[in-house]
Number of protein chains: 2
Amino acid sequence: MTEPIRIKDIAKRVGVSSGTVDRVIHNRGNVSADLREKIERAMEEMGYEPNIAARSLANNRKTVTIAVILPDYRTDPYWEQPKEGVERAAESVRHFGAVVEFYFFPIFEPKVFLTVVSKVLKNQPDAILVAPLFLKEAQFLLSECAQRSIPILSINTQIENAEELDYIGQDSYQSGVLAGRLLNFGLSDGDHAMLVNLDKEVASARHLQEKERGFKDFFKSVEQKDVVIHINVLEDFDDPEKMKAWAKEQLKLFPKLKGFFVTNSRAYKLAEALPSTTYPWAKIVGFDLIGPDLRLLEEGKIQFLINQNAWHQGYLGVITLVNRLILKKRTQRILYLPLDIIVKENVEYYLKRTLESPTMVV
Amino acid sequence: MTEPIRIKDIAKRVGVSSGTVDRVIHNRGNVSADLREKIERAMEEMGYEPNIAARSLANNRKTVTIAVILPDYRTDPYWEQPKEGVERAAESVRHFGAVVEFYFFPIFEPKVFLTVVSKVLKNQPDAILVAPLFLKEAQFLLSECAQRSIPILSINTQIENAEELDYIGQDSYQSGVLAGRLLNFGLSDGDHAMLVNLDKEVASARHLQEKERGFKDFFKSVEQKDVVIHINVLEDFDDPEKMKAWAKEQLKLFPKLKGFFVTNSRAYKLAEALPSTTYPWAKIVGFDLIGPDLRLLEEGKIQFLINQNAWHQGYLGVITLVNRLILKKRTQRILYLPLDIIVKENVEYYLKRTLESPTMVV
DNA sequence: TTTTTTGCCGTGTGCGCACACAGTATTAAT
DNA sequence: ATTAATACTGTGTGCGCACACGGCAAAAAA
């Protein structure tokens with residue numbers, strides 16, 4: 001075991017004081033080019049790594065605030081998960097002087113989102129964590145952050161061509177492919193399958209488009225079986241009667257309809273709308289571990305759920321920003337979380353994982 | 001945001017010095033019962049939580065060594081994974097003064113295991129991380145550790161009725177059930193399935209027994225389909241010719257044999273032994289993300305792999321011991337890791353996860 | 001009573017780092 | 001030549017905690 005290198009060690013090696021090394025480390029200027037270079041080389045050669053315990057201890061007077069902008073969890077249970085992940089992370093990093101402030105906006109209202117954004121900017125946070133559901137409005141937020149040089153990280157929805165924007169979340173295309181494979185396992189030659197978007201403004205929601213593309217691509221690649229695919233958008237998902245009527249109609253239209261892929265966490269709304277005679281032969285693949293879906297998974301009315309790790313998106317989002325702000329460690333800019341496949345037998349592990357787990361800032 | 005409570009704060013509240021509070025916290029004695037009680041109550045009421053940064057900084061003179069006892073990774077690729085997880089964790093906790101020392105033993109030799117154990121004990125480690133493959137020998141190690149009061153944590157193989165032994169790993173029974181469900185998806189009514197133990201001394205390996213029990217129980221619970229189950233043990237897995245002959249014989253014996261469940265990471269040995277005419281209709285479910293299995297998953301010759309998170313077993317094992325030794329935080333004694341379901345489409349996330357990921361000890 | 005032991009408590013120092021401040025040498029302005 | 005400004009560099013302090021040490025009283029031994 002080699003002894004850890006301290007600032008003092010490299011100072012002695014170069015023949016300067018620790019203050020000078022410190023200035024180099026933090027780019028505070030007031031160091032001659034000559035010395036600066038020598039010190040940088042020494043750090044490199046000796047393999048200096050800051051002691052994070054000492055660093056965070058010395059830092060602990062100044063607190064950094066992270067603004068978290070999420071859809072209102074009261075209108076959609078899915079958004080409870082990122083919120084809880086953020087809260088858990090906030091608790092873990094309290095000792096490091098990090099504080100999070102929540103800002104919520106109604107899930108289908110871009111205008112309110114903008115209002116919230118201006119409120120956030122007025123409060124001058126040190127960093128922002130956001131679920132940028134609305135493309136145009138998100139780009140406004142991005143340019144404002146660039147101007148003020150506020151670090152910003154997005155979860156859940158990936159924005160293309162956004163240089164200064166970190167992302168933690170899913171690879172939507174790949175999750176569509178995966179859904180195709182899972183559904184295909186349960187289908188026979190000649191069966192029909194249907195992709196159902198239970199959402200609003202689907203045409204402008206890039207992540208839904210990507211899932212659709214992936215789903216279609218998978219079935220194009222399957223050679224042994226010939227499965228017919230239908231695509232449907234249904235905005236009246238909050239009206240159980242309309243849902244039931246719609247489901248009935250589809251089953252009549254396509255008698256060989258045996259599989260459904262619901263592209264978000266509302267698979268339960270479809271499962272509950274299907275007539276009971278469709279069980280057990282109807283196969284449903286959905287997303288995420290929210291209460292209603294879990295119940296139906298347990299009952300065998302939903303076969304597979306793909307976990308988008310919404311909890312971890314929130315958790316890791318905060319941790320990543322803290323790493324960047326306080327510990328000055330920059331991790332990779334885009335992090336695709338695993339697409340966990342959930343069935344009855346392994347669901348409990350994924351639910352418990354959010355509670356415990358010995359983890360630690362590195 | 002409430003200010004964090006420091007030792008100094010509770011000392012002032014009770015009207016003593018910080019040294020006295022310190023003695024209470026560390027059970028160092030020399031505190032009157034009266035004061036002790038007052039201080040404990042004050043800590044409770046004010047919600048004292050030690051500052052881990054300060055704690056680890058103050059602790060960093062003394063180093064703790066963790067002895068890691070694993071099967072030799074050169075004889076079985078599976079064991080590379082825990083080893084690498086341990087190495088990664090060791091790197092993360094170096095700053096906390098933790099050092100790991102590796103000890104390897106041949107995977108099928110209990111006697112050598114005992115030799116290694118006595119070598120470990122002679123070196124007087126502060127804690128032990130072990131994969132206790134051999135029950136009797138493991139119990140010897142346990143009693144020795146109890147005598148010397150050395151904290152010990154096991155991974156991979158769970159020992160029953162071992163009070164002082166923490167465990168991080170899989171729930172073997174449940175993984176057997178899961179394998180049953182996955183295989184069942186691909187099978188039709190009347191098909192045969194076979195559980196294959198490619199291992200030695202299966203009768204004494206509890207985790208294999210448990211997988212078998214879970215697998216059988218699943219098929220007992222399936223009512224719609226009637227799938228016939230066979231159980232087989234095959235110790236000659238290292239001889240490709242014998243494997244091929246065996247496979248050929250089984251397929252002749254049971255013409256409707258369509259599915260295989262290999263209870264460890266050697267599914268590739270079976271897949272390679274099956275005649276090419278069995279593809280694509282042969283379904284194989286195996287364990288773990290080791291090189292040969294991954295290749296066959298990609299080729300479509302293995303359908304599902306269940307990830308036992310071997311890497312994380314090593315990683316979390318070290319982190320847990322460090323939490324206990326240095327930060328004095330005791331986490332739960334038994335941690336069942338998720339049973340990840342791996343297919344072609346999501347395998348890359350699980351492989352990458354072991355490399356990066358912003359994590360943080362709490 | 002005097003000395004020693006024991007029980008109990010406060011004080012002081014250092015862990016590695018960040019940062020304010022005080023210096024010193026060099027150059028520019030007067 | 002003297003002063004003033006500039007460009008650097010060293011010193012000191014505190015973050016919260018662990019632990020060694022010293023001190024002071026009461027109890028035990030002399």
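In the predicted model, helix H2 of chain A spans residues 18–25, and Thr20(A), Val21(A) and Val24(A) in this helix are buried. Viewed down the axis of H2(A), the buried residues fall within an arc of 100°, so they line one face of the helix. An α-helix has 3.6 residues a turn, so residues three or four places apart point the same way. Just after H2(A), a positive phi of about 50° is found at Asn27(A).

Chain A is superposed on chain B by a rotation of 180° with 0.0 Å of shift along the rotation axis, at an RMSD of 0.2 Å. The two copies are thus related as by a two-fold rotation axis. The same surface serves both copies, in that 98% of the contact residues of chain A recur in chain B.

Two packed helices are described by the angle between their axes and the distance between the axes. In chain B, helix H6 (residues 110–122) packs with helix H7 (residues 135–148) at an angle of about 10°, and their axes are 10 Å apart. With angles under 35 degrees counted as roughly parallel, H6(B) and H7(B) are therefore roughly parallel to each other. Their crossing, that of H6(B) and H7(B), is right-handed. On the H6(B) side, the contact involves Pro110(B), Phe113(B), Leu114(B), Val117(B) and Leu121(B). These residues meet Glu137(B), Ala138(B), Phe140(B), Leu141(B), Glu144(B) and Arg148(B) in H7(B).

Leu183(B) is found in helix H8 of chain B, residues 172–186. Beyond residues up to four places away in sequence, Leu183(B) touches Ala193(B), Phe215(B), Gly259(B), Phe260(B), Phe261(B), Lys283(B) and Val285(B). Of these contacts, Val285(B) is 102 residues apart from Leu183(B) in sequence, while the C-alpha to C-alpha separation of the pair is 6.7 Å.

Lys83(B) lies in helix H5 of chain B, residues 80–92. When neighbours within four places in sequence are left aside, Lys83(B) is in contact with Leu70(B), Tyr73(B), Phe102(B) and Phe104(B).

Note on methods. Residues are numbered from 1 along each chain as its sequence is written. Chains are lettered from A and ligands numbered from 1 in the order in which they are written. This is a predicted model: local features need pLDDT of at least 70, side-chain atom pairs count only at pLDDT 80 or more; totals for chains, interfaces and linings use all residues. Side-chain values use heavy atoms; hydrogens and water are left out. Buried means under 20% relative accessible area, exposed over 50%, partly exposed in between (1.4 Å probe, protein chains only). Helices (H or I, at least four residues) and strands (E, at least two) are DSSP runs, numbered from the N terminus. The arc is that of the directions from the helix axis to the C-beta atoms. Copies are superposed by least squares on the C-alpha atoms of residues with pLDDT of at least 70 in both. Contact means heavy atoms within 4.5 Å. Axes are lines fitted to C-alpha atoms, for helices over the stretch in contact, and angles run from 0 to 180 degrees between N-to-C directions. Angles under 35 degrees count as roughly parallel, over 145 as roughly antiparallel, 65 to 115 as roughly perpendicular and the rest as oblique. A crossing is left-handed if the near helix is turned anticlockwise from the far one by less than a right angle, and right-handed if clockwise.
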